[in-house]
Amino acid sequence: MSPTLAALAAFTAAAVLLSITPGLDTALVVRTSASEGRRAGLAATLGIALGCLGWASLTALGLGALLAASKLAYEILKWIGAAYLVWMGIRLIVNPRTVLAETMTASEQRRGALGWFAKGFLTNMLNPKVGVFYVSFLPQFIPHDAPVGPFVLLLGVIHALIGAAWLAFLTGATHKITVALKRPGMLKLLDRVTGVVFLAFGARLALESRR
């Protein structure tokens, strides 16, 4: 096997393990697909995948290295990301829904899908840990003679596709529990539990120091 194929195989295996490990992306997609429906879950999944590609592109352009090297840039993005997660968490805790939206017009569905796409995208792009992860992890899988920029983008595409496939699977699986969410109080409980998860991730991001 050539060095390039060996590197791609190793990264693919690592990307699979990283994708199936529960985290903030999983929490967002499970909650969205269970309470808002499959379309919203897939929209959030697409946003998350595009966020991965965004960080891969920034890393390929060298901005990821700047983020890893600049304490000020890292701190600014860290606090913006933490504030965004805390804001989302507080909204879910303070103002949870009590009923599922049974009927929506086509325009409402489009607006809802765009909103969840944006949330998925921003959840990744406002997290500097993702950028630092990319700039520190991806170079380990770049063959000696491979062009760095294009190869980083290729690895980012692989990671995004694997992650999107896994989250799409979760979207289909969790969609089945919408019947349970129609029980009194269940939707409110899901929103508040998800809000606590978002608050925890936001606090963790704010309090974590760079490594």
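Predicted model: local features only at pLDDT ≥ 70, side-chain atom pairs only at ≥ 80, totals over all residues.
User: Why is the pair of F11 and F141 called edge-to-face?

Analyst: The ring centres are 5.4 Å apart and the planes stand at 70 degrees. Centres within 6.5 Å make a pair, and planes over 60 degrees apart count as edge-to-face, so the name applies. By this rule there are three aromatic pairs.

User: What makes F11 and F141 a link between distant parts of the chain?

Analyst: F11 belongs to helix α1, while F141 lies in the loop between α7 and α8; 130 residues separate them.

User: Which residues have the most contacts inside the largest nonpolar core?

Analyst: They are F11, Y134, L138, F151 and L155, in a core of 43 residues. Helices that each supply at least two of its residues include α1, α8 and α10. Leaving aside neighbours within four places in sequence, L138 is in contact with F11, F133, V152 and L155.

User: How do you know that the length of α10 agrees with its number of residues?

Analyst: At 1.5 Å a residue, its 22 residues, 186-207, should span 32 Å; the end C-alpha atoms are 31 Å apart, which agrees.

User: Why are the buried residues of α10 said to line one face?

Analyst: Seen down the axis, they fall within an arc of 115 degrees, so they line one face of the helix. Among them are L187, D191, F198 and L205. R204 and L207, on the other side, are exposed.

User: What makes K119 count as sitting over the ring of W116?

Analyst: Its charged end is 4.1 Å from the ring centre, and the cut-off for that distance is 6 Å.

Technical notes:
Residues numbered from 1 in each chain as written. Heavy atoms only, no water. Helix = DSSP H or I, 4+ residues; strand = E, 2+ residues; numbered from the N terminus. Expected span 1.5 Å × (residues − 1). Buried < 20%, exposed > 50% of the residue type's maximum accessible area, 1.4 Å probe, protein only. Arc of directions from axis to C-beta. Core = buried A, V, L, I, M, F, W, Y, C linked by side-chain atoms within 4.5 Å. Contact = heavy atoms within 4.5 Å. Phe/Tyr/Trp six-rings, centres within 6.5 Å; stacked < 30°, edge-to-face > 60°. Lys NZ or Arg CZ within 6 Å of the ring centre and 35° of its normal.
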